[in-house]
Amino acid sequence: MTHILVTGGAGYIGSHACKALRAAGFTPVTYDNLVTGWQDAVKFGPFEKGDLSDRARLDEVFAKYQPAAVMHFAALSQVGEAMSEPGRYWANNVGGSLTLIEAAVAADCLDFVFSSTCATYGEHDNVVLDESTPQVPLNAYGASKRAVEDILRDFGASHGLRSVIFRYFNVAGADPEAEVGEFHRPETHLVPLVLDAIDGKRDALTIFGTDYDTPDGTCVRDYVHVCDLVDAHVLGLNWLKNGKGSQVFNLGTGTGFSVREVMDKAEATTGKSVPHSIGPRRAGDCTKLVSGSVRAATLLGWEPTRSDLETMIADAWGWHKAGAYER
């Protein structure tokens, strides 16, 4: 079976990607330093512990498995931390990615799927983002991801590296079979925070602002089911394997859901109320951030089938009741 090197394969999205790759006939090789990932999430192929900054370790893994492609998820991704510790983000996300890309090129592994972010666009409130939207990132997280996109472009020109780049906002849901799921320590994502509040694992959810210009006063964000998201990554891999050129794709619903809508659907799904309090707006929060995915639909044939709110929360709840990882 063809090996695919999956960096960050012990994390939330990466572990789901490994399951999707296995189902598609590939053997995913997880490369992860387990700083934010979980070895318990590595279930669908071999595991190699290592850091992106360790070129010798990367060379060893490339030589051992001779992967046909890289699927790169590994990154620091907390916006607040990126604001206070930008150096960590430039060193890890950019420096580590550069080392990985150089190792891939040296191993003649020239197909590269990169998990980027819509944070590269910065603040574009109340518009549907597409791939032509100007990239003006507001923090070291978005800026570091954009820098990796630039590196991939330059290595494409100089070394023939072919890349598919995916930009998206929020990921939600979990594997419907609950083999893997979302498990962060600390947790910062809305859906698991809501479920933690319902389940008594935290005192209450804080709603930051109820005076936005939306139907219910809470801000709106785009959510994509993690299984739909990783399906797009497999389509991107096949795009490259079929000899297509480098491309950028946004992934989103184009509509989004408000905080209140997420809470209401969670209550309907679980039959339990969400303990919550009202807090002030957070600095920099936009009213509505959503992304379109016309290009992905047209060129890749990507059609999200699980990214409705009910399914995302039901799948997340199924994992929440059954799943946890241990160090």
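1. Arginine 221 is a residue of strand β10 (residues 220-221); strands (E, at least two residues) and helices (H or I, at least four) are DSSP runs, numbered from the N terminus. Residue numbers start from 1 along each chain as its sequence is written. The model is predicted, so local features need pLDDT of at least 70 and side-chain atom pairs count only at pLDDT 80 or more, while totals for chains, interfaces and linings use all residues, and side-chain values use heavy atoms, with hydrogens and water left out.

2. Is arginine 221 buried or exposed? Its relative accessibility is 13%, and it therefore counts as buried; buried means under 20% relative accessible area, exposed over 50%, and partly exposed in between, with a 1.4 Å probe and protein chains only. When residues up to four places away in sequence are not counted, arginine 221 touches Asn170, Gly256, Phe257, Asp285, Cys286, Thr287, Lys288 and Leu289, contact being heavy atoms within 4.5 Å. Arginine 221 and valine 290 lie 69 residues apart in sequence, yet their C-alpha atoms are 6.0 Å apart in space.

3. Helix α6 (residues 190-198) packs with helix α10 (residues 309-322) at an angle of about 55 degrees, and their axes are 10 Å apart. Here the axes are lines fitted to C-alpha atoms, for helices over the stretch in contact, and angles run from 0 to 180 degrees between N-to-C directions. The two helices, α6 and α10, are therefore oblique to each other: angles under 35 degrees count as roughly parallel, over 145 as roughly antiparallel, 65 to 115 as roughly perpendicular, and the rest as oblique.

4. Which residues form the contact of α6 with α10? From α6, Val191, Leu195, Asp196 and Ile198 meet Ala316, Trp317 and His320 of α10. By class, this contact of α6 with α10 has five nonpolar residues, one polar and one charged; Ala, Val, Leu, Ile, Met, Phe, Trp, Tyr, Cys and Pro count as nonpolar, Asp, Glu, Lys and Arg as charged, and the others, Gly among them, as polar.

5. Several residues of α10 are buried, namely Leu309, Thr311, Met312, Ile313, Asp315, Ala316, Trp317, Trp319 and His320. The elements against which the buried residues of α10 pack are β8 (170-172), α6, β11 (223-225), β13 (257-258) and α8 (259-270).

6. Leucine 193 is also found in helix α6. With a relative accessible area of 14%, leucine 193 is buried. Leaving aside neighbours within four places in sequence, leucine 193 is in contact with Glu187, Thr188, Arg202 and Leu205. Its C-alpha atom is separated by 8.8 Å from that of alanine 204, eleven residues apart along the chain.

7. Phi of alanine 178 is near 60 degrees, a positive value in a residue other than glycine, and at 26% relative accessibility alanine 178 counts as partly exposed.

8. Aspartate 108 is in the loop between α4 (86-106) and β5 (111-115). Phi of aspartate 108 is positive, near 60 degrees, in a residue other than glycine. Aspartate 108 has 60% relative accessibility and therefore counts as exposed.
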